[in-house]
Amino acid sequence: MENNKRPLAVCLVSGGLDSCVTAAFAKEECEVAFVHVNYGQRTQQRELEAFNKIADYYQVEKRLVVDIGYLKKIGGSALTDTSIDVPQDTLSTNGIPITYVPFRNAHLISIATSWAEVIGAQFIYIGATEVDFSGYPDCRRSFFDAMELAIHEGTRPETNIKIRTPIIHMGKKEVVEAGARLGAPLELTWSCYKDEDLACGRCDSCLLRLKGFKEAGLKDPIPYKADKENRGETSI
Ligand SMILES: [Zn+2]
């Protein structure tokens, strides 16, 4: 097959917009293996469903789904601790948002690295962005540079794994535009932090996503709770 010489990449795919577009970038240059991590987040089941749909779309055979429920035990984030409310109708502008899961991306990168070493992948793709969620310290490129050094020190000498962050300098508008350009299945993604039946349209993640589509001049293909309520229907 003509693609046999392409390098193998492990893509961290949450099922959200950013990771879907990141996977689309990876597909441009690499054979891909998808890893998904359940970490006890509120919308865990819905995100897993989105992950599988995106993996089916890209006909990804190598898939890994792992559970690290201990992040829920550790808590400290509105995403994993149900006693902390997910903020609504406001985009956090200063400080580190309460939806930050402490050092989560280090856990994700570690899992991806272990698997990459086993299956001989040369790259790890992660859909982190410094722009919109600049309050998340583990989304900065400087953090991934440090992790790359740790990977180099902690894996077999012949292992050479690099972390790729193709959307790190993009805002949501650019992410949506890139996704559209690359033919990423944005209609299969799930971004809502709060609900699993219909996207709430009010949490940080929904608001940023909607803003990104609007600024890109495109319609978000997923349904929102507010759309249904506007039509006089009740949500399930
Ligand atoms: Zn939401």
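Reader: Which residues does Gly 15 touch, not counting residues up to four places away in sequence?
Author: This is a predicted model, so keep that in mind throughout. Gly 15 touches Glu 47, Ala 50, Phe 51, Ile 54, Thr 189 and Trp 190, once residues up to four places away in sequence are set aside.

Reader: Where is Gly 15, and is it buried or exposed?
Author: Gly 15 lies in the loop between strand 1 (8–12) and helix 1 (17–29). Gly 15 counts as buried because its relative accessible area is 0%, and the cut-off for buried is under 20%.

Reader: What does UniProt list around there under "binding site"?
Author: The unreviewed UniProt entry has a "binding site" annotation that covers Val 13, Ser 14, Gly 15, Gly 16, Leu 17, Asp 18, Ser 19, Cys 20, Val 21, Thr 22 and Ala 23. Of these residues, Val 13, Ser 14, Gly 16, Leu 17, Asp 18 and Ser 19 are included in the lining of the largest cavity.

Reader: Ok, Ala 23 then. Where is it, and what is it in contact with?
Author: Ala 23 sits in helix 1. Leaving aside neighbours within four places in sequence, Ala 23 is in contact with Cys 11, Val 13 and Phe 34. Ala 23 is also buried, with a relative accessible area of 0%.

Reader: What stands opposite Cys 11 in strand 2?
Author: Phe 34 does. Strand 1 and strand 2 run parallel and are joined by five bridges. Together with helix 1, they make a right-handed β-α-β unit.

Reader: How many residues of strand 2 are buried?
Author: Seven of the eight residues in strand 2 (residues 31–38) are buried, so the strand is mostly covered.

Reader: And what is on from strand 2?
Author: Strand 2 is joined by five bridges to strand 3 (residues 63–67), and the two run parallel. Strand 2, helix 2 (residues 44–57) and strand 3 make a right-handed β-α-β unit.

Reader: Which residues of helix 2 are buried, and what covers them?
Author: The buried residues in helix 2 are Gln 44, Arg 46, Glu 47, Leu 48, Ala 50, Phe 51, Ile 54 and Ala 55. Their cover includes helix 1, strand 2 and strand 3. Glu 47, Ala 50, Phe 51 and Ile 54 are among the residues that Gly 15 touches.

Reader: Changing topic. Which cysteines does UniProt list for "binding site"?
Author: The unreviewed entry lists Cys 192, Cys 200, Cys 203 and Cys 206. From this set, Cys 192 is part of the lining of the largest cavity.

Reader: What is Cys 192 in contact with?
Author: Beyond neighbours within four places in sequence, Cys 192 is in contact with Thr 43, Ala 199, Cys 200, Cys 203 and Cys 206. Cys 192 is in the loop between helix 6 and helix 7 (204–216), and counts as buried at 1% relative accessibility.

Reader: And where is Cys 203, buried or exposed?
Author: Cys 203 is in the loop between helix 6 and helix 7. Cys 203 is buried, with a relative accessible area of 0%.

Reader: Last one: is His 169 buried or exposed?
Author: His 169 is exposed, because its relative accessible area is 61% and the cut-off is over 50%. Its contacts, leaving aside neighbours within four places in sequence, are Glu 130 and Val 131.

Conventions
Residues are numbered from 1 along each chain as its sequence is written. This is a predicted model: local features need pLDDT of at least 70, side-chain atom pairs count only at pLDDT 80 or more; totals for chains, interfaces and linings use all residues. Side-chain values use heavy atoms; hydrogens and water are left out. Buried means under 20% relative accessible area, exposed over 50%, partly exposed in between (1.4 Å probe, protein chains only). Contact means heavy atoms within 4.5 Å. UniProt positions are given in the numbering used here, feature names are shortened, and annotations may be inferred rather than shown by experiment. On a 1 Å grid over the protein atoms alone, a cavity is a set of points where a 1.4 Å probe fits but cannot get out, and a pocket is an open set with protein on both sides within 12 Å along at least five of seven lines; lining residues have an atom within 4 Å of a point. Helices (H or I, at least four residues) and strands (E, at least two) are DSSP runs, numbered from the N terminus. Two strands pair if DSSP finds at least two bridges between them. A crossover is right-handed if, with the strands pointing away from the viewer, the path from the first strand over the helix to the second runs clockwise.
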